[in-house]
Amino acid sequence: MRLGPLHSGIPLHEVDGTPDYCNEAVFRRGTLPPRSYHIPETSLLLNGQWKFHYATTPLAAPEPAPAAEGTASETDTAAPYKSQPWTTIQVPGHWQLQGHGAPHYTNVQYPIPVCPPHVPTDNPTGTYRRTFHVPPSWDATSQLRLRFDGVDSAYHIWVNGILIGYAQGSRNPSEFDVTAYVDRDGPNEVFVRVYRWSDGTYIEDQDQWWLSGIYRDVHLIAFPSENRIEDFFLRTNLDGKYENGGLSVEVDVKATSPVTVKATLRELPKNGGGIISIQESPLSTSEKHSVAFFVMSPKKWTAETPYLYDVEITLSTKSAPVQTVHQRIGFRQVTLIKGLICANGTPIQFHGVNRHEHHPLFGRAVPLDFIKKDLTLMKKHNINALRCSHYPSHPRLFDLADELGLWVIDEADLECHGFYDAVARPQGIPEEVDYEERKKLTFPLAAKYTSDNPSWKAAYLDRMIQMVQRDKNHTSIIIWSLGNEAFYGQNHKAMYEYAKKADPGRLVHYEGDAHAESADMYSYMYPSVERLIKLATTEGVKDDGSFGKPIILCEYAHAMGNGPGWLEDYEEAFRTYPRLQGGFIWEWANHGLWKEDADGKSYYAYGGDFGDTPNDGTFVLDGLLFSTHKPTPGLLELKRVIEPVKITVENEHLVVANHYNFIGLEHLTANYKLEEFGEDSVLLASGILEVPIVAPGASGRIPFPAAVTSVKSEKETCLTVSFFLRDPTAWAETGHEIAWFQHQISKAEPILASPFNRASSDLTFATAGIQTTIKGHNFSFVFDSARGYLTSWTAGDVSLLEASPTNGAALIPSFWRPPTDNDNPLSVPYWTRFGVNTLTSQLRSMTIAATPGNVTITAVTFISPPVLAWGFVVTTIYTISPVGTLTVAVTLKPEGYIPDHVPRIGLDLRLPGRFSTAKWHGLGPGEAYPDKRAAQRVGVWAVDDVAELHTPYEVPQEGGNRMATKWVYVGEANEYSGLRAIAGRAEDWSENCTRDQGFSWRVSRYSDAAVEGAKHPCDLVEDGATLVRLDARVAGVGTAACGPGVREDLLVKVEETRFAFVLEGVRA
C-alpha cells in the first residue's frame, strides 16, 4: 500500500530542536481521548515475539522503512533493516530482563542528574517492530486503533513507516487512530521507539526497579466507524435510608445517523441472569446521553458483600445493533458522614496493603493469573483494602477487586520523591533530624521543580485524567489518590479539582497535602502509635471535639525482612479511636528479581546486584510476601491481628466480637478442641459450636462446652476455637479458617524433674592442666578451668555438646544475634557503638564444690568489649546431678558505661551436626518475637529437620526464634537421642525475665557470622554443627527500617538479670 501526502504523519518532535521526551509540555501527540477500559471482541492481541533493536542513545536507533517503499516486510533481510542488529523480544516485557541493559533500583534518589525536563544523552532506546494483518472478518469500514496499555517511559509510534504519535506516562494507556495508515489487505508494520528516560521520569520515581519497554498488552481494535460508543460512565447512588438505589448510565455516542441507545440492567449469570430493567433512548446526533434506573432494594456492594450486576449498553441503527459493551457494577455510595469515610452510610475500617506490580521473572509485566493469586491471597489473610502504589495497576485488576471484594485506592502515576535528595544533600541535612523538621527545610523547595511549577500543570492533570477515565466504572475504587510523595503544590490542587468535577461520587486522597486542603482525609506515613493517637485527637479537631475529616495511614508497619512489629498496637488504636479508619501496610511483596550468576549462584536480586549505581540496596525487599509471592511470617501475623472475629473469655463463656463492618457471622461455622500438652499433644475433646447471631460491631456469647468444663488434668490444657467459611467464595473454599483463639484451661506445675528414668551414680571430678572433668555413670563434663566455661558433654559414646572453634566454649552466656533489617537504622549503630558484637570473656574466679549428690562449678567471668569500659559480671553456676542433668544458673550484673539495651540475653550452645530434629512445647509452628507472636499457637510441635526452623529471608538476618516455650528437645533423626532443655527453678529467674511465660530458643545450622556475612541465601554456609540459643529475653523487631523502632518495654534492658536452664541428655 502506498500512502500519499495526506498521510505524511507528524514531525518527529513537536518543538523543533527539542526532543519530545525532554519537553514537559509534550506528553501526548496523536492520541485519542481517554476512555473506560473495554476491549471488544473485534480486537487482535499483538502480544508475543517482536523484533527488537537496542541502542544506547536515541540517535543510534534505527529508522522505520519509509512508507514510499511499499508494503511492510515480514523479514529482517529487506531494507532498511538488513544492516541492523535486530533480535527478538517478548511483549509484554522489559528489555532489561531479556538481555538488554540492566535493571536499576532506587527508592528515593533519582538515578540520573536532576535537571528537569532534560535527561541524559546516554538514553537507552529500544526499538520494537512487528507485522500484523487486519482480520478479514472485520467490517471494512471500521475505525482501527492501536492501544498500548503500558510503555515505560516514552515512545514514538510509526505505522507502515509513518509517524503517527507520541506518548508518555508509563502506567497509563494510549490509543491511536490508525485507520488511515493501515492496509486492510496486506501485512502492516507497527514500529515503536521506546526511550528509557524522559521528562516523565522525574514524576515516576516510585520506589521500584527502573525497567523499560512495552510491558502491558498491545491491541489492534476495530470500532464501528460511523456510529459507535466512544465511552460510558456508570454511577450508583442510594436513597437517604440506603435502601433503594439509582443507576446513572452516561454514554458518549458518535452518531452520523439516527441511533438508539439501550441500557439493560440484569443479574449476573451466576445469580440467574434475570433482567431487572431496560431503558431505551433515540439519538440523532453525537452527544453524551444519560439514562437513569431506579432499583428497589438492590443488594449493596461492599468489600464484605461484593454483589455485582451486569449493565449491557447496546447501540443500534434502524437496521441492526452496531455495538454492545458490558460492565459489571455494584450499588454502593461513598461519602463523608460526621468526618468519617462511610460506605452505604456505615463507617469502614481499612485493613489494607500497598501493592506494586511485581513478578520475580517478568518485573511489572505481571500475568493476570499472578495478579489474581495476589488478590485471593489478600482476601484469605483478612485484608480488605488495596492501595495501588504508586500508579494505576493493570486494568484487569479492578475487575478482580470488584468480584472478590476489596476497597481500592487508585493512585495516579505520579511521584517525584527524588527532588528531596536534590535539595537536602547540598544542605547537609542529617537523616537523624526529625522528619517534620526536614520537611519544612526541603519540601517547599522540592515542590518548585514540578509540583508547584505551572509549566508542569498539564502533565500532572493528564495523569489524573488518564486514571479516572480508564478506571471510573469499577465499584471497588472508592478513593482517587493524587499520587505519592510528590510534595504539594498548585498542580495537585488542579488534579483535585478535576477529580471532583469529573467524578464527585468518590473521595480524594493525597498524603502530601498535610493539612488536607485538597484531600478528603488526613493521611500519614509511619507515625508512631503515640503520635497517631495525638493526631487523632488534635489535628483538625474543633473545640467541641468534632472533626470534618478522618485519618488513615496510607503507609505503616514497614514489612521489611523480619517484621513488622507493632501490628497489635496499631490495631488497638484503630479500634479505640473511630476517627482512625485503618491503614495500608507497606508493602505487599518483595520486588526481588531472579538472577543467575556465572559462578552458579542464583538468588532474588536487589539494588546493586546488577551493578546499578546509585542504588538503595535491599529496600526493594520490604513486603509481606517473598519475591515468589509466598507468605512471609509477617503476613501470617497480619492475618491474625486483623481477623474480623475476636474472642475473649468471661465466666466460662466465649465472648464473640464481630468486627466486620457490614455482615453478621452467619457465613461462618465454628469448632473447638481441648488439648492436653505433655510430651505430646493429646486431644481430650472436640466438637461444633453454634455461632450466635451477632450484628456488625456487636458481641455475642457462647457457653463453654460441657466437655471442656468437666475435664480435669494435672497437665496444661488449652481450648482452641476456630471460625471457618461455611460456603465457598470466589477467593476460598469451604472450611477456610478466618479466625482462631486459644485459652488456657488448666496450668501444669513447672517441669523440674526429667520424665525419663536414668541411672544415678556417685560423681567424681579431677583437674589436669586447664581441664576439669566431672564424671558419673556413663557421662562426663569437661570444663576449661582457665576460662571458666564448659567445653564438652558426653553421654556414653554420644557427644551432646562440643567446643566452638571460635571461642572454645560448648555453652556460653551470649547477648548478640544477627541484625534484622529493622535493627540496622537505629539499633545496630547503637549496639556496635557499645561493642555488643565484640564481647570477650575474662575469668575472674572458678570454684568446684561437691554437695550431697551434686557437683557445682561456679565461674565468675567478666564479659566486655575491647576498647570500652563496661561489661557484665557474670556468675554462672553449673550444677551436675548424679543422673547426669546439667543446671546452668546465670546472674548478670552490668557495670561501667553500659548500653541501655542489647539484642538478647541467654546462652549459646553448640550441638553436634547429627542432631537434626526438634520438638517443643510452646508457641509454634512458626517464629515469634515479643511484638510479632500473635500468629503462633500453643502446642507440641516437631520438625524432622532443623532446617525447617530457618526463615529464608531474602536478605539473611535474624529469624527463627520460638517463644513461650516450656521445653525443647533437639536430637538425632530416627531415634530419641539428644538434648532437652527446660527452664530452671522460679527462684533462679529475676522478675524482668517472666519465666512463667516460657523461654525463647532458636536452632540453626548457620553461625551469626555466616548470617551477617551473607548477601543472599545462596551465600549461607552451614557450620557443620547444630547451633542452639536458649534465651531469657529477646528484643522485639519493631519497624525501624522505616518507622518506629521496638517498643520501649520490649527492648532487652541492660540490668541485673538472673535466669537458669536445666539440660538433660536423652538416650534412646
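The model is predicted; local features need pLDDT of at least 70 and side-chain atom pairs count only at pLDDT 80 or more, while totals for chains, interfaces and linings use all residues. Residues are numbered from 1 along each chain as its sequence is written, and side-chain values use heavy atoms, with hydrogens and water left out.

**Stop 1: Gln96**

Select Gln96, which is placed in the loop between strand E4 (87-91) and strand E5 (104-106). Helices (H or I, at least four residues) and strands (E, at least two) are DSSP runs, numbered from the N terminus. Is Gln96 buried or exposed? Gln96 counts as buried because its relative accessibility is 5%; buried means under 20% relative accessible area, exposed over 50%, and partly exposed in between, with a 1.4 Å probe and protein chains only. Now display the residues in contact with Gln96 (heavy atoms within 4.5 Å). Leaving aside residues up to four places away in sequence, Gln96 touches Gly101, Ala102, Pro103, Arg196, Trp210, Leu211 and Ser212.

**Stop 2: helix H6**

Move to helix H6 (residues 490-502), whose end C-alpha atoms are 18 Å apart. This agrees with the 18 Å that its 13 residues should span at 1.5 Å a residue, the expected span being 1.5 Å times one less than the number of residues. Colour the buried residues of H6: Asn491, His492, Ala494, Met495, Tyr496, Tyr498, Ala499 and Ala502. These buried residues pack against strand E17 (228-238), helix H5 (457-471), strand E31 (477-481) and strand E32 (507-509).

**Stop 3: salt bridges**

A salt bridge is a side-chain nitrogen of Lys or Arg within 4 Å of a carboxyl oxygen of Asp or Glu. The structure holds 66 salt bridges.

Select Glu555 and Arg387, which form a salt bridge with their closest N and O atoms 3.1 Å apart. The pair links distant parts of the chain, 168 residues apart: Glu555 is in strand E34 (residues 551-556) and Arg387 in strand E28 (residues 385-388). Both Glu555 and Arg387 are buried.

Next, select Lys440 and Glu437, a salt bridge in which the closest N and O atoms are 3.4 Å apart. Both residues lie in helix H4 (residues 435-447), three residues apart, about one turn of the helix. Lys440 is exposed, at 60% relative accessibility, whereas Glu437 is partly exposed, at 39%.

Asp399 and Arg396 form a further salt bridge, with the closest N and O atoms 3.3 Å apart. Asp399 is partly exposed at 23% relative accessibility, and Arg396 is partly exposed at 35%.

Finally, select Arg35, Arg145, Arg147, Asp149, Glu175, Arg228 and Glu230 together; a network of salt bridges links them.

**Stop 4: a three-stranded sheet**

Show the open sheet of three strands with the order E38-E39-E42 and antiparallel pairing. Strand E38 (645-649) and strand E42 (699-703) stand at the edges with a single partner strand each, so one side of each has no neighbour in the sheet. Two strands pair if DSSP finds at least two bridges between them; five bridges join E38 to the antiparallel strand E39 (residues 653-658). Zoom to Val649, which stands opposite Leu654 in E39.
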